[in-house]
Each structure stands twice: as C-alpha cells, then as structure tokens.
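The sequence and the structure follow.

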Amino acid sequence: MEVSAAISLSRTLSLLSPIAPTSSSIPFLPPVSLSRRCHLRHRRYTLSRSFCLPPAVPFSSSSTQNEDEEAELVEIEDSELEEEYIEDDDSNSIDVESLEREAELVVREFSDSLSRQLTIEEERSSPKEAQVKEKRRNNTSKNIPDHLLPKVAIVGRPNVGKSALFNRLVGGKKAIVVDEPGVTRDRLYGRAFWGNYEFVVVDTGGVLTISKSQADLMEELAISTTIGMEGIPLATREAAVARMPSMIEKQATVAVEESSVIIFLVDGQAGLNAADVEIADWLRKHYSDKCIILAVNKCESPRKGISQASEFWSLGFDPLPVSALSGTGTGELLDLVCSGIKKVEEPEYLEEENYVPAIAIVGRPNVGKSSILNALVGEDRTIVSPVSGTTRDAIDTEFTGSDGQKFRLIDTAGIRRKAAVASSGSIPEALSVNQALRAIRRSDVVALVIEAMACITEQDCKIAERIEKEGKGCLIVVNKWDTIPNKNQETTVFYEEDVRRKVRSLSWAPIVYSTAIAGHSVEKIIVAAAAVEKERSRRLTTAILNQVVREAVAFKAPPRTRGGKRGRVYYSTQAAIRPPTFVFFVNDAKLFSETYRRYMEKQLRTSAGFAGTPIRLLWRSRRKMEKSDGKDGPTKMQENFKDREKKLAVPA
C-alpha cells in the first residue's frame, strides 16, 4: 500500500509540475513515510553518490504498460537492494589489515605460478648446488665494490677449460661451457671467495698466436663465414672475419693487464702444445712482475695428474694438476691465488650503496646491442662485428650516468627463433639464448633493440611478450636511425605508429631513436631507463588508488550478467612494486570480463602514470567475515590466512 501511495504521489506531482520528475527529485520524497523498500531505494541513491554507483531507475507514469514494467523492475531491484544493504552492512566490518595480508599472499602465489610457467632450460639446480649458492651468498661481502677487489685472470689457448674453471671458482653456470673451441670471446667477470679472501675472476677467450695461418685460426675458433652473414658484402665479410682473432686476443690482453694474478691454463690430456710455449714466452716477457700460476687442467686422476703435469715443467713455471670438472686440486690453486693478492678490508667510511638497477640489452642478432654498450661505457667492452652471433655470454658492466646514478648494463646474445636455433644444431647458440633469457629475468629494465631499416618480425613480438610476462620495465630502442633516408618531422610519428601497431604487448613502453655506431642519442637510453625504473618502483597510496577505482567504476560500471548480477569492487590496494601489482577485492572475480580488466588497467595508467612498466591487476573474490560464537576472537578468514602463511612461508 505504501508503494502504491508513493506512486500516486509521484503522479500528482507530475500533474502539478510542467516538468516530469527525474531521479534527482527522488531524495525529496519523505523517507519516513515510505516502506522499507522505498527506504532501500532512497539509500541506493545515496550510495550511488558516495561510491559512484549508477542510480536506480526513476519512477515513470507515462502509460499503463510502463507502470506494469516498472512494477516488475521495482520487485527485481528491491531484492537486489536488500542484498546490497546486507553486503554494505557486512562491508563495514572488513578488516583492512587482513585484506592487506591476503593481498601479499595473492601476489606471492601469482609469482610462484608465473615462475613455473616461465621456465628456462637448464635453470633448475640440485639441492646441493642451491646450498652451495646460499653459502657463497652469505660469505660474499656486499660492502666492497667490485672495482676495489683484486682481479684474477684465466688465460690460455682455446678449448683448455677456462670457462669451466671460471664456473668452478665463482660457483654456478655463469659462463657457457661447450666442448668446442672459441666459445668465449668477451671478458666475463665474477666474484669469488676463499677463506677470508675475496676477489674477482675474469674469464677470457682463447689467446691465439701468430704462428698459425688465418685459415687455421678460423678453423680453430669455429668462426663461420656464411651463417648470419646474409646481406653483407663479401669484402666486409672477409674483413670482419679476419679481425675476429685479434679482437678476442685484445680482450684477453686487457684482462691480463688489469689483474694481479694470472692463471695460465693448459690441457693435461692433450699435452704440451706449441701455442702453450708461445703464450708462456709472452707472459714471461711482458708480465713477469705479476703472479703467474701454471694450472694443468683435465687431470681428474690424482696419480695420473702428476705424470701429466710433469710434461709442462719446460715452460718455466711450477705446474699444478687440477680438474675444473671434478674440482680436484682447486683448493691448492686457490691457496696459491690468495698468496698472490692482498686482502681487502671493508672501508670504514664507505657510503652504503643504494639499489643499483640492471639494464639488459636484448634483441635479435646483429641489431647493434654491443655497439650500444660500448657507446655508453666509452670503451670497447665487447667485440663488435657484422658477424651475426658474435656475443655469446651475458656481459655485465658497471656504468655511472651523468647524474651519478649507477647502473649495471647486461649485453646479451641475439635471440633467434627456437626452430632456427634447433635447425642450426649449434649448442653454443642454444646456451647463449638461455643466457639472454636469464639476463631478462635478473634485470630491472630491458632495452629491446630493433633495427630501423629492418621490419619488425614475429621474433621481436615474442621477445616483447617475454619481457611483459617477466614483469620487467622496458624501452624500445630503434637503432641505426641514420639509415632511414629522407627523414622529416613526420617520420618519427609514422614509425612510432607502426611499432605500436605491431608490438601491442609493449604499448606502454617509451621509444628511443639512436645511432650507436656514431654515438648519437645513446645517452637518451639511460635517461629513459632511469625514468622507467622510477615508475616501476612507485607506490600509490590506498586512498588515491581507491579514488581512481571509484572514478573508473562511475564512468563505466561493470556489465550485468544475464541473471542480473553486477561486479562490485569493495577494496583495492597496491601489494607490490617492481612491477606495480594491485589486488582488487570484489564480490565475484568471474563477473569482471577481460575487457573490463583491460579498461581498469587503462584507467590506472591514465590517472596514475606507470609509463614504461607493466602493471598487474589481481582480482580476488571477497570472503565473508564470520565471528566465531559471537566473540571478538579471530575470524575464520584470519585463521585461513595463518594456515596459508605456514604453507607459503619462505625459509630465512
């Protein structure tokens, strides 16, 4: 009766006034004289103004048919409003601290599941290896910078086991080890410790001698003159191949000059070689002031090792039989290394170093990644050659920007398609791709390099998708920009539109145009990377985040299902950074379609920024808060949190 009286009152007002009543006139109806349903309708309007929900459908009296339809709508909305009333009363009892704890658990579960999906070949380590890594991590001092530690260089002819010994000393599989000559080409650094001593080990490429012909050197280094050389003129191809041995030897020479101890490694199974004699003469002539240790590798048997090492007494050094594979003799080797270096104490007044972001430079082969690294550091840190696949290992280099900000640059090998790598049958290339993927995982910002004149391929899109899934900040570097002819102001606009259209997964990444070989605009890469890292580490306050969410819901409410249900957001919080991760507590996560989730991400970017970094939105269905026996004890949801925390607890 009261509802019909309210409708009659609405009709009377419509006859007295020339303007039909709208939804804005509903609040002026006296709520005291209405029934509970009308009171809920009035409360619905009040909530719509407070939480930016769409207001209820207003009363209308245009025709009898409309009245019947309206009566049906009233019955449907009344049942929904009663549910909302109950939910709103229950929402007042939400424990924010419990929701914040649950958000952290949600992020942890998501990270664990994602890491299982993005597995990298040969990434899993045995429990024993994990224990050794943890011990090294605890014993390694973090207060002494790398440039203050003494360096120990490993040199020798190709394929004597230098990279295997490097991995043995530093722990882990940082260097690529394959039973092929010429795998290592650039300098590779790693921290190692023995007792109370800590130092940096430098892996080098095979040192070559002038006694061999150019053809023999090419064969020994396994340098291809055809693979990856398509489109390169024959003269340029021959010149690049001819320079490769000298460039590898130059990298080894730099490592020897900056080191205090030199480990001269020879092959005990192959025996004494003419190349070993020439390298020994070279070390004795130019570096007699340094501590030189002759290590005879591949001596797995202690008894045979002595007889194998006796052959190398003629080199003028005391031979020490070791085995990089099994670790035999490495303890004595490290004792000799520590006797030739000075122990470095932690500086008393050394400023505590802040977080140093890592920038990985990735892309397809021969797009100019090593050129960008050399242009940034101002030296020939890595070998640059038109030969595709020149870089093998992931090369880490410390770099300080013009503003004093420190970065760790990681040069990586070119990433080709899996099918192309498998068809080539090259084991070093397959391992190089794995190293590049690991570099993406341990980096903070990824510089995806593409060639200006080359078309964006499917492989570029796959690398972009990998970066987005790993949650890394990213900037797109268009290298070799000088090769674009007849450039004008519109060229950049058209090129950017083409990149955005083809690389949709990185629509949020800034684009930098550079010419690394000439050093043009390479400093913009560091500026853009620093800005991306700041955005990736930014955290929104809960108040601002919920305000942005309310405005987004007010502008576009979640769509209703066929059953009349609509998704509602009760609470949202930023649970993590790097990348920014937001957890939304809703009535039912299934009510939010993928389209609406993308809309919410777009609204977050529009209102809050986060340029250059992916953001993750995790949707969590809300649980009922039930008190046990009406007492102020812990809720069932809080008890569930404790059980899940025990299962997900990470050992310290």
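Are Tyr-571 and Phe-585 buried or exposed? Both Tyr-571 and Phe-585 are buried, where buried means under 20% relative accessible area, exposed over 50% and partly exposed in between (1.4 Å probe, protein chains only).

**Basis and overview**

The model is predicted: local features need pLDDT of at least 70, side-chain atom pairs count only at pLDDT 80 or more, and totals for chains, interfaces and linings use all residues. Residues are numbered from 1 along each chain as its sequence is written, and side-chain values use heavy atoms, with hydrogens and water left out.

The protein has 20 helices and 15 strands; helices (H or I, at least four residues) and strands (E, at least two) are DSSP runs, numbered from the N terminus. Of its 652 residues, 46% count as buried. Among contacts (heavy atoms within 4.5 Å) with a separation of 6 or more, 73% come from residues 24 or more positions apart.

**The six-stranded sheet**

An open sheet of six strands has the order β2-β3-β1-β4-β5-β6, with mixed pairing; two strands pair if DSSP finds at least two bridges between them. Its edge strands, each pairing on one side only, are β2 (188–194) and β6 (319–321). Neighbouring strands are turned by 30° against each other on average, direction ignored; axes are lines fitted to C-alpha atoms, for helices over the stretch in contact, and angles run from 0 to 180 degrees between N-to-C directions. Strands β1 (residues 151–155) and β4 (residues 261–267) run parallel and are joined by four bridges. Within this pairing, Val-152 stands opposite Val-261 in β4.

**Nonpolar cores**

A nonpolar core is a set of buried Ala, Val, Leu, Ile, Met, Phe, Trp, Tyr and Cys residues joined through side-chain atoms within 4.5 Å. The largest has 33 residues, and those with the most contacts inside it are Val-362, Leu-448, Ile-467, Val-478, Tyr-495, Val-499 and Leu-506. At least two of its residues come from each of β7 (358–363), α14 (427–441), β10 (445–451), α15 (458–470), β11 (473–479), α16 (489–502) and β12 (511–513). Helix α14 gives the largest share, five residues. Val-362 touches several residues beyond four places away in sequence, including Ile-440, Leu-448, Ile-463 and Ile-467. A second, separate core of 25 residues includes Val-152, Ala-192, Leu-320 and Val-322.

**Aromatic pairs and charges over rings**

Ten aromatic pairs are found in the whole structure. Rings of Phe, Tyr and Trp (its six-membered ring) pair if their centres lie within 6.5 Å; planes under 30 degrees apart count as stacked, over 60 as edge-to-face and the rest as tilted. Two of the pairs are tabulated here.

| Pair | Centre to centre | Angle between planes | Class |
|---|---|---|---|
| Trp-481 and Tyr-495 | 5.4 Å | 85° | edge-to-face |
| Tyr-571 and Phe-585 | 6.4 Å | 35° | tilted |

Trp-481, in the loop between β11 and α16, is 14 residues from Tyr-495 in helix α16, and both residues are buried. Tyr-571 lies in strand β13 (residues 569–576) and Phe-585 in strand β14 (residues 581–586), so this pair ties together parts that are 14 residues apart in sequence.

One aromatic cluster is formed by Phe-584, Phe-592, Tyr-596, Tyr-599 and Trp-619. The charged end of Lys-556 sits over the ring of Tyr-599, 5.1 Å from its centre, and that of Arg-538 over the ring of Phe-610, 4.4 Å from its centre. Such a placement requires NZ of Lys or CZ of Arg within 6 Å of the ring centre and within 35 degrees of the ring normal.

β13 and β14 pair in the antiparallel sense over six bridges, with Ser-572 opposite Phe-584 in β14.

Most residues other than glycine have a negative phi, and most peptide bonds are trans. In the loop between β13 and β14, Arg-578 has a positive phi near 55° and counts as partly exposed at 34% relative accessibility. The peptide bond from Arg-578 to Pro-579 is cis, with omega near 0°.
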